[in-house]
Amino acid sequence: MKAFYTYAALAFCSISFGQQLFIVNSDNKYGVVNENGVEIIPAKYSSVEEFDKIHPNWSKVGLGSLYGFIDKSGKIIIEPKYEEISAYNVYHEGWALVKKDGKFGFIDNAGKEIVPTVYDKVGAFGDYVKDWMLVEANGLKGFVDKEGNVIVPIKYVQIEKFDNVRKNWSLVKDSKDKLGFIDRTGKEVIPVVYDNIEAFVKKPTALANAD
């Protein structure tokens with residue numbers, strides 16, 4: 001039997017189990033044992049991070065170039081399948097940005113994929129509308145809300161800021177270079193069928209002085 005070597009003694013303190021946990025290393029593979037030597041997480045991972053660092057009671061583990069989460073009982077919460085798992089609460093309370101197959105999405109506090117990993121880019125909530133996030137996939141843009149729902153279909157190549165042309169409206173362009181407007185509910189208030197849209201602008205009137 002191969003011997004375990006303590007990699008970071010006293011690295012973890014499990015309050016819920018009332019005992020210390022240790023990261024161990026065998027043949028450059030990492031796992032976790034408790035103070036009685038019982039293996040909590042098998043030494044098969046390329047990396048094991050401290051519990052509670054990213055999420056309470058969870059440890060981020062790596063298997064090759066992919067990452068997932070395991071809790072303090074050794075239960076796999078998320079199989080190592082993501083290329084990246086970022087910190088929670090950066091984009092939205094209870095969400096963490098993840099990357100899979102080069103695409104971005106979000107997981108929630110339970111480890112559920114609340115926004116699927118299908119986007120090339122994600123923005124920030126409030127950049128356009130308070131509870132909307134701009135997302136982009138394959139050159140097309142739309143919005144998701146704080147429930148993870150697509151609130152504006154991902155079908156526009158251009159979405160301008162609201163209120164630029166008309167209050168509460170945003171000018172949008174589709175892949176055929178047609179223009180229209182959406183409002184703050186996501187509804188197309190002006191169909192996206194026009195080649196050009198110009199707003200009416202009041203011109204100053206000149207007053208003639210008569211002698």
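Me: With which residue does the side chain of Asp163 meet in a salt bridge?

Reply: A salt bridge is read here as a side-chain nitrogen of Lys or Arg within 4 Å of a carboxyl oxygen of Asp or Glu, and the partner of Asp163 is Arg184, with 2.9 Å from N to O. This is a predicted model, in which local features need pLDDT of at least 70, side-chain atom pairs count only at pLDDT 80 or more, and totals for chains, interfaces and linings use all residues. Residues are numbered from 1 along each chain as its sequence is written, and side-chain values use heavy atoms, with hydrogens and water left out.

Me: Which parts does the pair tie together?

Reply: Asp163 lies in the loop between strand 16 and strand 17 (169-174), and Arg184 lies in the loop between strand 18 (179-183) and strand 19 (188-194), so parts 21 residues apart in sequence are tied together. Strands (E, at least two residues) and helices (H or I, at least four) are DSSP runs numbered from the N terminus, and the protein has 19 strands and zero helices.

Me: Is Arg184 buried, partly exposed or exposed?

Reply: The classes rest on relative accessible area, with buried under 20%, exposed over 50% and partly exposed in between (1.4 Å probe, protein chains only). Arg184 counts as partly exposed at 31%, and Asp163 is partly exposed at 35%.

Me: How many salt bridges does a search of the whole structure find?

Reply: The search finds seven, including the one between Asp52 and Lys72, whose closest N and O atoms are 3.3 Å apart. That pair links distant parts of the chain, 20 residues apart, since Asp52 sits in the loop between strand 5 (47-48) and strand 6 (58-63), and Lys72 in the loop between strand 7 (66-71) and strand 8 (76-82). Asp52 is partly exposed, with a relative accessible area of 40%, whereas Lys72 counts as buried at 8%.

Me: Which side chain meets that of Lys146 in a salt bridge?

Reply: The side chain of Asp131 does, at 3.5 Å from N to O. Asp131 belongs to the loop between strand 13 (121-122) and strand 14 (132-137), while Lys146 belongs to the loop between strand 15 (140-145) and strand 16 (150-159), and the pair links distant parts of the chain 15 residues apart. Asp131 is partly exposed at 35% relative accessible area, and Lys146 is likewise partly exposed, at 29%.

Me: What percentage of the 211 residues do buried residues make up?

Reply: They make up 39% of the residues in the protein. Turning to contacts (heavy atoms within 4.5 Å), residues 24 or more positions apart account for 20% of those with a separation of 6 or more.
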